[in-house]
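Here are my notes from going through this one. Have the viewer open as you read.

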Amino acid sequence: MAFITYTGVGIKAIAACVPPKRIYNKNLGYLIPEEEIEKTINSIGIKERREADKDVCSSDLCLKAAEKLILDCAIDKSTIDALIFISQTPDYRQPATAPSLQHRLGLPQTTLAFDINMACSGYVYGLSMAFAYASLAGINNVLLLVGETMSKTISKKDKNTTPLFGDAGTASLITKDAKFGTSYFTLNSDGEGADVLQIPYGGYRNPSCEERLKETSDEAGNILTGEQLHMQGMDVFNFGLRVVPKSIKDILSFAESKIDDVDIILFHQANKFMTDFFAKKLKFSLEKVPYSLQWYGNTSAASIPLNVVSEMQTPHYPQRKNVIMAGFGAGLSWGTCLLSLEQTKVSEIVEY
Amino acid sequence: MELKKFIENFASQFDETEASVFNADTVFKSLDEWSSLMALSIMAMVDEEYNVSIKGNDIKNSKTMEDLYNVIKSKL
């Protein structure tokens, strides 16, 4: 059972970068009947999304976010001890992308660097990993780069996924400092639902093959290849409903805190209908639930830090001592944490 | 749990379909207003009203309102 506390480490700064190209859901008439488009937009809450160019990868968006963070906080690069890159759209199948980011950012060769392959729960998992490293003697600063170019994994002929997903890269700096106080994490997994959100082909279980690169149509008329994201929307909703509100209650009970003490809940930006319903179940005011998915859609693991950068610029949300972050998605995997963002410098969003 | 009340709860999720359309034999997935997003509303309603979590397959395998009612009832 993974319930964890960290003391004297926290998030010093967060930055985010999105591609400039906007894709509007109102223009999806080719895929969704016109009379359903508005209803869909109102329900999922997503008006537009950003799409990276063909030659822009998750790592490039993260690099720009990291450069912004380093500049805004005047970070001496030689003080960064570790770099963690979280993405399911890395540069190459091999090797990991993190070492190339160490080099491109001009970080010292003494930097510990590795990738983690996680989806929408990835930011909370990554924070926990970064907090753990920053708690160790010998490591003071961890750069956590979380980015995804979901547009490269989605079929534009699949009405389940097309209106939802967007691209973004983010950077967070996790630092050892007594002023941060204590943070609480719970991390969970349920691999029985591995096929609920899955790209079934192109890995080593089901290698890339000509037959599965052909488009096929499902019973609802969605057309996709074996190497594009397959999502069973109803089961994602069922999963979220089962685990997310409970996970928030669990972390509060673990921290001996209560829902009335919470200043903000940062849900993974999946689908507004779903997370509004979670807030309602928790009897938590929607005024304290920031949303940026109307502008960026679901950017997988990047959605929580992107949401901070988009919605938590001063003077918005001045109370940020007790912040819950709830990430959940493919795996199935979910992670929830309770921490303070009072000491966190939030950069303005950049485009690349 | 009562079938009549379940049908009312189910019908109340729909904006354009008349409540009178819904009865135990209604093949709900063939209604014009049925969509994957409507399925999420139904799942949320079932969670709220009956504290039961239904899966995608529970909806997929149910043809009529009564079929779905029986699935939920079996999970109570």
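Predicted model: local features only at pLDDT ≥ 70, side-chain atom pairs only at ≥ 80, totals over all residues.

**Notes on the model**

1. Start with strand E16(A), where A:Ser333, A:Gly335, A:Cys337 and A:Leu339 point one way while A:Trp334, A:Thr336 and A:Leu338 point the other way, and all of them are buried. In a regular strand, side chains alternate between the two faces of the sheet.

2. What does E16(A) pair with? One partner is strand E9 (residues 182–189) of chain A, antiparallel over six bridges. Another is strand E15 (residues 323–329) of chain A, also antiparallel, over seven bridges.

3. On to helix H5 of chain A, residues 233–254. Its 22 residues reach 31 Å from the first C-alpha to the last, close to the 32 Å expected at 1.5 Å a residue. Even so, H5(A) has a kink of about 30 degrees, centred on A:Gly240. Just after the helix, A:Glu256 takes a positive phi of about 50 degrees.

4. Chain A as a whole holds eight helices and 18 strands. Its C-alpha trace spans about 55 × 45 × 40 Å along the principal axes. Why call the chain compact? Because a compact globule of 352 residues would have a radius of gyration near 20 Å, and chain A, at 19 Å, agrees with that. Of those 352 residues, 53% count as buried. Among contacts in chain A with a separation of 6 or more, 79% come from residues 24 or more positions apart.

5. Last, the interface. How many residues of chain B are in contact with chain A? The count is 13, against 14 residues of chain A. On the chain B side, helix H2 (36–50) and helix H3 (56–60) each supply at least two of the touching residues, and H2(B) gives the most, with seven. By type, that side of chain B divides into seven nonpolar, four polar and two charged residues.

Conventions
Residues numbered from 1 in each chain as written. Chains lettered and ligands numbered in written order. Helix = DSSP H or I, 4+ residues; strand = E, 2+ residues; numbered from the N terminus. Expected span 1.5 Å × (residues − 1). Bend = angle between axes of the 7 residues up to and from the residue. Contact = placed C-beta atoms within 7 Å. Nonpolar A, V, L, I, M, F, W, Y, C, P; charged D, E, K, R; others polar. Buried ≥ 20, exposed ≤ 12 C-beta atoms within 10 Å, placed from the backbone. Pairing = 2+ DSSP bridges. Rg over C-alpha atoms; globule rule 2.2 N^0.38 Å.
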